[in-house]
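Good morning, and thank you for joining.

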Amino acid sequence: MAADHDDAGASEMRNRAGQPPRVYLDVMLGTLTRILRMAGWDAAYALDRDVEADDTILDEATSEDRLLLTRDRQLAGRAPASLLLTTRDVDDQLRELRTAGFTIELDEPHRCSKCNGRLRRVDADETTPAYAPSPGETRVWRCVECGQCFWKGSHWDAVAARLTADETPDESGRRQ
């Protein structure tokens, strides 16, 4: 299930200072978008911008110097830097990204999974909405763009488990 389009632009973006690439995901990749954001990727999503037209997706990805992640073969072929994902299942899409050489792992929250804004740590004496834990008891982050609060709870644990579920040890015993 390897991604079958990886041009020189995708390879160049993958190798920038060991950081995840800036990506633009088409309308078919909403769940993958949220996972990548949780893993710290700067992941623009077409539907967040109310964009569905291929030409607009292509123009925005190109003008913002983003790697286009798509399941649309024709759109991938038109983009200067793209990665064609061939499956609908998000776990398989994550495998395709890893096979293409990308690292996807959770560390500390850096991106809002809702809007892609940057997160900042909430101080222990700050208040949080009723849905969020007290920052005096649990580390909490707030999006500087939309105000959403995040913490490492059951959803974080579920995504972490999803990211490590299919990793296999290499000859040295390290997970790939």
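Does Cys 149 count as buried or exposed? This is a predicted model, and in it Cys 149 counts as buried, at 3% relative accessibility. Cys 143 is likewise a buried residue, its relative accessible area being 3%.

For Cys 143, which is in no disulfide, the nearest cysteine sulfur belongs to Cys 115 and is 3.4 Å away. The cut-off for a disulfide is a pair of sulfur atoms within 2.5 Å. Cys 149 is in no disulfide either; its nearest cysteine sulfur, that of Cys 146, is 9.1 Å away.

I now move to the nonpolar interior. In soluble globular proteins, nonpolar side chains tend to be buried together. Here the largest nonpolar core comprises 25 residues. Those with the most contacts inside it are Val 23, Leu 25, Leu 32, Leu 36, Leu 69, Leu 97 and Ile 104. At least two residues of this core come from each of β1 (23-25), α2 (30-38), β2 (43-45), β3 (67-70), α5 (90-99) and α6 (154-164). The largest share, four residues, is supplied by α2.

Which residues does Leu 69 contact, leaving aside its neighbours within four places in sequence? They are Val 23, Tyr 24, Leu 25, Asp 26, Leu 29, Leu 36, Leu 83 and Leu 97.

Definitions and conventions. Residues are numbered from 1 along each chain as its sequence is written. This is a predicted model: local features need pLDDT of at least 70, side-chain atom pairs count only at pLDDT 80 or more; totals for chains, interfaces and linings use all residues. Side-chain values use heavy atoms; hydrogens and water are left out. A nonpolar core is a set of buried Ala, Val, Leu, Ile, Met, Phe, Trp, Tyr and Cys residues joined through side-chain atoms within 4.5 Å. Buried means under 20% relative accessible area, exposed over 50%, partly exposed in between (1.4 Å probe, protein chains only). Contact means heavy atoms within 4.5 Å.
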